[in-house]
Amino acid sequence: MITKPIIFAGAMALIGSGAMADCENTVPVKSLTNAFPAYVIMTDVMKGCGNFEAELDKDHRLKVQDVLSSDPALYTIVGVANATSVPLFDQELVRPLNDLIEKHGQNLNENQFITIDGNVLAVAALFNTQHLMYREDIFNDLEIEVPTTWDEVFEAAETIEAAGLVDYPLGGYYMAGWNLGFVFVNHYLGEGGAFLDENNNPIIDADKAYLVMERMKTAASYMDPEYLVSDTTFVTKQFQQGKIAIANLWASRAGAVNDPNESTVAGNIKMAAGLMGSAQPASTVWWDGWVVAKNITDEEAEAGFKLIAAAMDPAVIAANNDAAVWLANGFTPGLAAVGAAATAEAGAPAYPATKAMAVMHTALGNGLSAYMTGDKDAETALADILADYEVAAKEANLL
């Protein structure tokens with residue numbers, strides 16, 4: 001895949017938060033996206049253009065391939081990221097956008113175009129990664145230094161737990177399945193680990209894996225005991241309700257945790273670089289954006305793309321500046337973007353988005369919960385995960 005390097009788009013003067021793009025849509029358009037705040041903002045703009053229906057679903061990644069495989073496609077435009085875009089590109093389920101960009105993409109910038117073999121297949125809206133968020137007021141009261149490693153986080157958690165200022169020192173998206181697998185992926189990459197060789201054979205370093213698994217269990221001991229049902233939204237709400245003091249959370253939630261309309265501790269949550277592993281940040285770099293379905297009419301495709309462009313109008317971006325680390329024109333990096341920028345600058349790797357890695361991620365997500373609950377020891381859990389990966393990879397003709 002050929003993509004432009006991630007940079008911050010040029011700044012524009014901030015205007016009123018109610019800013020909307022100048023648009024009018026006469027063709028019915030439907031979207032399927034994740035449910036985090038940036039997509040809420042963009043789809044609200046689209047609704048203002050008319051004839052638009054949005055479905056925001058935190059588990060949308062499980063549906064995108066099926067809904068675009070249908071003929072006609074069940075949705076006109078779909079929100080995607082690094083990993084979710086790969087099968088859509090490989091199966092040619094999305095429409096090249098070069099002609100539509102030429103006609104309607106004047107307010108977009110080249111940095112947003114996800115390009116393969118000269119064809120723009122997606123438009124990135126924002127840069128996303130995982131970074132440290134912490135309660136500055138609690139850290140100041142307890143004279144805690146901002147952690148840079150997980151060992152320092154655990155030391156801080158001990159102090160916070162002893163003080164009894166929150167329900168739980170830490171929050172984490174450890175929901176069994178994709179989220180739990182993702183936490184392992186980030187930690188393991190942070191240790192400099194590799195998952196697969198060039199032939200998709202698993203090459204996980206057992207010592208690094210056991211270290212990561214033990215760290216994950218230690219982190220869970222400072223979380224809500226129901227951590228295996230905790231996703232990103234759950235952790236965001238814990239912050240907003242004043243229940244936790246630390247989390248390594250997605251940058252796309254940086255605006256929401258300090259939203260005075262939703263948070264009881266707005267203004268007290270600060271951002272810092274993602275926590276380091278022994279080799280690099282235990283975080284991965286992602287982009288989130290849009291694709292247009294292939295199995296729809298040209299008229300529907302054009303209408304859908306025009307709404308994508310309207311949702312990233314510079315006035316819209318400027319009016320919602322701190323809701324995400326936007327790649328679109330109109331963004332001025334502010335306090336909410338500090339952690340994301342620091343994580344990227346520290347060398348956080350891109351998520352290894354391949355078909356085989358998707359199979360490995362699934363095996364990890366399905367197999368780690370037995371270790372976390374104590375039903376399996378680390379050695380047995382890892383052996384079973386690798387066995388499950390090999391079965392699934394063979395079924396998918398990847399081995």
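Mentor: Domain bounds here come from an automatic or database domain assignment. The model is predicted, so local features need pLDDT of at least 70 and side-chain atom pairs 80 or more, while totals for chains, interfaces and linings use all residues. Residues are numbered from 1 along each chain as its sequence is written, and side-chain values use heavy atoms, without hydrogens and water.

Trainee: What makes a space a pocket with a lining?

Mentor: On a 1 Å grid over the protein atoms alone, a pocket is an open set of points where a 1.4 Å probe fits, with protein on both sides within 12 Å along at least five of seven lines; lining residues have an atom within 4 Å of a point. The largest pocket holds about 1,100 Å³ of space. Its lining has 43 residues, and R61, L62, A83, T84 and W178 are the closest to its centre.

Trainee: Why is the largest pocket placed where it is relative to domain 1 and domain 2?

Mentor: Domain 1 (3-128 + 285-337) and domain 2 (130-284 + 341-345) both give residues to the lining, so the largest pocket lies between them.

Trainee: Which helix gives the most to that lining?

Mentor: Helix 14, with seven residues; helices are DSSP runs of H or I, at least four residues, numbered from the N terminus.

Trainee: What is the volume of the second largest pocket?

Mentor: About 760 Å³. Among its 31 lining residues, A254, G255, A256, N258 and D259 are the closest to its centre. Helix 9 supplies the largest share, four residues. Domain 1 and domain 2 each contribute at least three residues to this lining.

Definitions and conventions: Grid points are joined across faces, edges and corners, and a volume is the space filled by probe spheres set on the points. Helices (H or I, at least four residues) and strands (E, at least two) are DSSP runs, numbered from the N terminus.
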